[in-house]
Amino acid sequence: MADDSGTEHPEPLSLTEAEFEQLVVDELDALPDDMVDGLDNVIFVTEARPEDGSLDLLGLYEGVALTDRGQYGFGELPDRIILYREPLMAHAGGDLDELREQIHVTLVHEIAHFYGIDDEELHRLGWG
């Protein structure tokens, strides 16, 4: 699609919630076993957008990092890793392969927070 200046802009991706969730599951399955085997009491969810409605945040880890856990036992609510569908699709610029890549990077980024790796270290490692 071109704008008034003749500049081409990709058509936005149009995926159902179920189609997006399947991409997340596929990318989660593609991650190395040693990355996901240590995940304990973590659920993965998708939501349309962050609470503030912005398109800036692609994912979020809600929980207590493994490195910060003291007494951790039965009855703990699961940590959550949230992937935001609309921001990820907007960031992909209409390219399904780019969306898969962004989901992959976001999963690695949020899983790293579970393991206690902060944003500064993630940026240093190229996963920012």
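The legends below describe close-up views of a predicted model.

**View 1. Confidence across the predicted model.** The protein has a mean pLDDT of 87, with 86% of its residues at 70 or more. Strand β3 has the highest confidence, at 97, and helix α5 (residues 119-125) the lowest, at a mean of 84.

**View 2. The largest nonpolar core, with 20 residues.** Phe20, Ile81, Leu83, Leu88, Leu99 and Ile103 are the residues with the most contacts inside this core. At least two core residues come from each of α1 (17-30), β3 (79-84), α3 (85-92) and α4. Helix α4 supplies six residues, the largest share.

**View 3. Surroundings of Leu99.** Neighbours within four places in sequence are left aside here. Leu99 is in contact with Leu13, Leu15, Phe20 and Leu23, and also with Leu88, Met89 and Ala92. Leu99 is one of the residues with the most contacts inside the largest nonpolar core, and its partners Phe20 and Leu88 are also among them.

**View 4. The crossing of α1 and α4.** The two helix axes come within 9 Å and cross at roughly 60°. This angle makes α1 oblique to α4. The crossing of α1 past α4 is right-handed. On α1, the contact is made by Phe20, Leu23, Val24, Glu27 and Leu28. On α4, the contributing residues are Leu96, Leu99, Arg100, Ile103, His104, Leu107 and Ile111. An α-helix has 3.6 residues a turn, so residues three or four places apart point the same way.

**View 5. Thr106 in helix α4.** Thr106 belongs to α4, which spans residues 96-114. The relative accessible area of Thr106 is 5%, so Thr106 counts as buried, the cut-off being under 20%. Leu83 and Leu88 are both among the residues with the most contacts inside the largest nonpolar core.

**View 6. Helix α3 and what covers it.** The buried residues of α3 are Arg85, Pro87, Leu88, Met89 and Ala92. Their cover includes helices α1 and α4 together with strands β1 (42-47) and β3. Gly93 follows α3 and has a positive phi, near 60°.

How values were computed:
Residues numbered from 1 in each chain as written. Predicted model: local features only at pLDDT ≥ 70, side-chain atom pairs only at ≥ 80, totals over all residues. Heavy atoms only, no water. Helix = DSSP H or I, 4+ residues; strand = E, 2+ residues; numbered from the N terminus. Buried < 20%, exposed > 50% of the residue type's maximum accessible area, 1.4 Å probe, protein only. Core = buried A, V, L, I, M, F, W, Y, C linked by side-chain atoms within 4.5 Å. Contact = heavy atoms within 4.5 Å. pLDDT = per-residue confidence, 0-100. Axes fitted to C-alpha atoms, helices over the stretch in contact; angles between N-to-C directions. Parallel < 35°, antiparallel > 145°, perpendicular 65-115°, else oblique. Left-handed = near helix turned anticlockwise from the far one by under 90°.
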